[in-house]
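I opened this notebook to record what I looked up in one structure, entry by entry. The entries go from the whole chain to single residues.

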Amino acid sequence: MELWDLYDGEGNRTGEVWKRRYGNFLEIPMGRYHLVSDVLVQHRDGTFLLCKRHTSKDVYPGYWEAGAGGSAVQGENAEECARRELFEETGLTAENLELINIAFSDKSHSLVYCFTATVDCPKNAVVLQDTETTEYKWVDAAGLIEYSESDLAIKTSVKRYEKFYDKVRAMLK
């Protein structure tokens, strides 16, 4: 069982703790949020990592996502969560993390920190976490944009990274 710190609408810890169970994030009280870190992964060679979510996930089962991410456990900050989730879900460590957006989601009761990460590793070094993801692939910039516009992309995630995707589109022109 995971324990999550809860945050208010200003992004401050409230001192309240939420006991995570399958799907119960929807029961978090209005005006309270749990911290989530999302990491869009780019290889030093310019390609991007896409991972397919496990079909048993309670949110977006079977969808593809650009990178890794998840909820912070009690006492963890956004960067610590991002690094832990990246390693747990892919076996990769980031050379650097860049915070590019912070977004609230009332629907999922989450405060989402959006990072980009640069990695330098063999492409086959990805180690998938059994309960999280089922496949992965590296795609070039055009493939990332194609993914972001597909029906199998998580649209809320794509929206949070909109400015990043716009920069990639501009580079492709």
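**Entry 1. Arg160.** I note at the outset that this is a predicted model. I began with Arg160, which I located in helix H3, residues 155-160. I asked which side chain of opposite charge is nearest to Arg160. I found Asp38, 4.1 Å away. A salt bridge requires a nitrogen-oxygen pair within 4 Å, and Arg160, although buried, has no salt bridge. I then listed the contacts of Arg160, leaving out residues up to four places away in sequence.

**Entry 2. The chain as a whole.** I counted four helices and nine strands in the protein chain. Read from the N terminus, the order of elements is β-β-β-β-β-β-α-β-β-β-α-α-α. I checked the overall dimensions next. The C-alpha trace spans about 45 × 30 × 30 Å along its principal axes. For 173 residues, a compact globule would have a radius of gyration near 16 Å, and the chain agrees, with 16 Å.

I also looked up burial and surface. Of the 173 residues, 45% count as buried. The accessible surface comes to about 9,100 Å², and carbon and sulfur atoms hold 50% of that surface. Among contacts with a separation of 6 or more, 62% join residues 24 or more positions apart.

**Entry 3. Charges and salt bridges.** A search of the whole structure returned 17 salt bridges. I inspected three of these pairs.

- Arg13 and Asp5 meet in a salt bridge at 3.4 Å, N to O. Asp5 counts as buried at 12% relative accessibility, whereas Arg13 is partly exposed at 44%.
- Lys123 and Asp45 form a salt bridge at 2.8 Å, N to O. Lys123 lies in the loop between E8 and E9 and Asp45 in the loop between strand E3 (33-43) and E4, so the pair ties together parts that are 78 residues apart in sequence. Both partners are partly exposed: Lys123 has 29% relative accessibility, and Asp45 has 47%.
- Arg84 and Glu88 form a salt bridge whose closest N and O atoms are 3.2 Å apart. Both residues lie in helix H1, four residues apart, about one turn of the helix. An α-helix has 3.6 residues a turn, so residues three or four places apart point the same way. Glu88 is partly exposed, at 33% relative accessible area.

I followed the last pair further. Arg84 and Glu88 belong to a network of salt bridges that also links Glu76 and Glu85.

**Entry 4. Phe87.** I stayed in helix H1, residues 78-90, where Phe87 also lies. Leaving out residues up to four places away in sequence, Phe87 touches Leu92 and Thr93. I also computed the separation from Gly69: 18 residues in sequence and 9.7 Å in space, C-alpha to C-alpha.

**Entry 5. Helix H2.** How many of the eight residues of helix H2 (residues 141-148) are buried? I counted six, so that the helix is mostly covered. The buried residues are Ala141, Gly143, Leu144, Ile145, Tyr147 and Ser148. I then looked up what covers them: the cover includes E4, E5, strand E9 (133-139), H3 and helix H4 (162-172).

**Entry 6. Positive phi.** I examined two residues for backbone geometry. Tyr60 has a positive phi of about 50° although it is not a glycine. Tyr60 sits in the loop between strand E4 (48-53) and strand E5 (64-66) and counts as partly exposed at 29% relative accessibility. His109 likewise has a positive phi, near 55°, and is a residue other than glycine. His109 lies in the loop between strand E7 (96-105) and strand E8 (110-119). With a relative accessible area of 6%, His109 is buried.

Terms used. Residues are numbered from 1 along each chain as its sequence is written. This is a predicted model: local features need pLDDT of at least 70, side-chain atom pairs count only at pLDDT 80 or more; totals for chains, interfaces and linings use all residues. Side-chain values use heavy atoms; hydrogens and water are left out. Buried means under 20% relative accessible area, exposed over 50%, partly exposed in between (1.4 Å probe, protein chains only). Lys and Arg count as positive and Asp and Glu as negative; His and the chain ends are not counted. Contact means heavy atoms within 4.5 Å. The radius of gyration is taken over C-alpha atoms; the globule rule is 2.2 Å times the number of residues to the power 0.38. Accessible areas come from the Shrake-Rupley method with a 1.4 Å probe; for residues, only the protein chains shown count as cover.
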